Amino acid sequence: MDQRVEYQIGGDPALDALVREIIGRVADKWTMLALECLEEHGRLRFTQLAVLIGGVSQKMLTKTLRQMEADGLVVRTVHPVVPPHVDYELTPMGASLSEAFCGVWQWAEAHRAAIVESRARFARPKT
């Protein structure tokens, strides 16, 4: 019998549910990388964004950008030209989220050597 307990982090169940949902959506690798690229480079075309992120499939980037657009983090602009020209850029809300995630990059940079050392120590055979 499954008796998992879900803990609420705050006094407002609706806010707690929203925070958990947002974390699930934006804390994935591709969203964080898209946020970083758009924050650093500004408005980008789909292909430019894909190249800057690197290693992301067209399908996954499309899915990520659609979810970011639905959440109000990016604005998608379609230019009526042939071939179609589509730009993506952060909304003010997306830029504020990018600023919040900037701390993750700063933390990783500050602790890179310790993380590498810890991983190497962990990977060594135990005697």
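A hairpin of five residues connects strand 2 to strand 3. Strands here are DSSP runs of E with at least two residues, helices are runs of H or I with at least four, and both are numbered from the N terminus. The model is predicted, so local features need pLDDT of at least 70 and side-chain atom pairs count only at pLDDT 80 or more, whereas totals for chains, interfaces and linings use all residues. Residues are numbered from 1 along each chain as its sequence is written, and side-chain values use heavy atoms, with hydrogens and water left out.

Two strands are said to pair if DSSP finds at least two bridges between them. Strand 2 and strand 3 (residues 85–90) are joined in the antiparallel sense over six bridges. Along this pairing, Val 75 faces Glu 89 of strand 3, and Thr 77 stands opposite Asp 87 of strand 3. Strand 1 and strand 3 are also antiparallel, over two bridges; here Leu 44 has Tyr 88 of strand 3 as its bridge partner.

The helices may be considered next. Two packed helices are described by the angle and the distance between their axes. The axes of helix 3 (residues 46–53) and helix 4 (residues 58–70) come within 11 Å and cross at roughly 110 degrees. Helix 3 is therefore roughly perpendicular to helix 4, a term that covers angles of 65 to 115 degrees. Phe 46, Leu 49, Ala 50 and Ile 53 of helix 3 make the contact with Gln 58, Leu 61, Thr 62 and Leu 65 of helix 4, where contact means heavy atoms within 4.5 Å. By class, this contact has six nonpolar, two polar and no charged residues.

Helices and sheet come together at a pocket. The largest pocket holds about 240 Å³ of space. A pocket is an open set of points on a 1 Å grid, reached by a 1.4 Å probe, with protein on both sides within 12 Å along at least five of seven lines; lining residues have an atom within 4 Å of a point. Helix 3, helix 4 and strand 3 each supply at least two residues of this lining. Among the lining residues are Phe 46, Thr 62, Arg 66, His 85 and Tyr 88.

Definitions and conventions. Axes fitted to C-alpha atoms, helices over the stretch in contact; angles between N-to-C directions. Parallel < 35°, antiparallel > 145°, perpendicular 65-115°, else oblique. Nonpolar A, V, L, I, M, F, W, Y, C, P; charged D, E, K, R; others polar. Points joined across faces, edges and corners; volume = space filled by probe spheres on them.
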